[in-house]
Amino acid sequence: MDELLFVYGTLHPERAPREIAEVARRLRLVGVGWVRGRRFELGPYPGVVLDESSRAEGAVFALPDDAETLAMLDAYEDYRADDPVGSLFRRVETLATLQDGSELRCWVYVYNWPLPVHVQLPR
């Protein structure tokens, strides 16, 4: 079975900035849906914080069957498995719910640092 990634921001192939666009184009769309979390706009990129009481919209993508793609995505998101506390984002497993109601276990990058003071909390 493919490894899956929930994408809600700059990793989306249609929105990826130049430095990660080639890697993002390797992802194959599985479906649109949401995860239990809150999305915050952090300036040049969004971040999601897992939260059972909220929904963060996005899409589930299948990762290609190679270690390089995930390693490049980790580097772009500043996720370091050997330094999770110092990482800007952590890659964690969660459940995504697709529009048809099906649930898929997938990776998601969650924001790992304290939210900046200027960030508005979603209502």
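Seven salt bridges are found in a search of the whole structure, which is a predicted model. Side chains of opposite charge can pair when their charged atoms come close.

One of the salt bridges is formed by the side chains of Asp51 and Arg38, with an N to O distance of 2.8 Å. Asp51 belongs to strand E3 and Arg38 to strand E2, so this pair ties together parts that are 13 residues apart in sequence. The two partners may also be described by their accessibility. Asp51 has a relative accessible area of 17% and is therefore buried, the cut-off being under 20%. Arg38, at 27% relative accessibility, counts as partly exposed.

Another salt bridge brings together the side chains of Glu41 and Arg39, again with 2.8 Å from N to O. Glu41 is partly exposed, its relative accessible area being 45%. Arg39 is likewise partly exposed, with a value of 34%.

A further salt bridge links Asp83 with Arg80, whose closest N and O atoms are 3.1 Å apart. Asp83 has a relative accessible area of 31% and is partly exposed; Arg80 counts as partly exposed at 29%. Through salt bridges that share partners, Asp78, Arg80 and Asp83 are joined into one network. Asp78 also deserves attention for its backbone: this residue has a positive phi of about 55°, although it is not a glycine. Asp78 is located in the loop between helix H2 (67–76) and strand E4, and its relative accessible area of 24% makes it partly exposed.

Is Arg91 buried or exposed? With 15% relative accessibility, Arg91 counts as buried. Its side chain makes a polar contact of 2.8 Å with the side chain of Asp74. Beyond its neighbours within four places in sequence, Arg91 is in contact with Leu70, Asp74, Tyr79, Trp107, Val108 and Tyr109.

Leu95 is also placed in strand E4. In contrast to the buried Arg91, Leu95 counts as partly exposed, at 34% relative accessibility. Residues up to four places away in sequence set aside, Leu95 touches Trp34, Val35, Glu103, Leu104 and Arg105. The C-alpha atoms of Leu95 and Phe6 are separated by 9.0 Å, while the two residues are 89 apart along the chain.

In soluble globular proteins, nonpolar side chains tend to be buried together. The largest nonpolar core in this model has 36 residues, and those with the most contacts inside it are Leu5, Phe6, Leu73 and Tyr109. At least two residues of this core come from each of strand E1 (4–7), helix H1 (18–24), strand E2 (28–41), strand E3 (46–62), helix H2, strand E4 and strand E5 (103–111). Which residues does Phe6 contact, leaving aside its neighbours within four places in sequence? They are Gly33, Trp34, Val35, Ala56, Glu57, Gly58, Ala59, Val60, Ala96, Cys106, Trp107 and Val108. Tyr109, named among the core residues with the most contacts, is also one of the contacts of Arg91.

Definitions and conventions
Residues are numbered from 1 along each chain as its sequence is written. This is a predicted model: local features need pLDDT of at least 70, side-chain atom pairs count only at pLDDT 80 or more; totals for chains, interfaces and linings use all residues. Side-chain values use heavy atoms; hydrogens and water are left out. Buried means under 20% relative accessible area, exposed over 50%, partly exposed in between (1.4 Å probe, protein chains only). A polar contact is a pair of N or O atoms within 3.5 Å; within protein, one must be able to donate a hydrogen and the other to accept it, and residues adjacent in sequence count only if both atoms are side-chain atoms. Contact means heavy atoms within 4.5 Å. Helices (H or I, at least four residues) and strands (E, at least two) are DSSP runs, numbered from the N terminus. A nonpolar core is a set of buried Ala, Val, Leu, Ile, Met, Phe, Trp, Tyr and Cys residues joined through side-chain atoms within 4.5 Å. A salt bridge is a side-chain nitrogen of Lys or Arg within 4 Å of a carboxyl oxygen of Asp or Glu.
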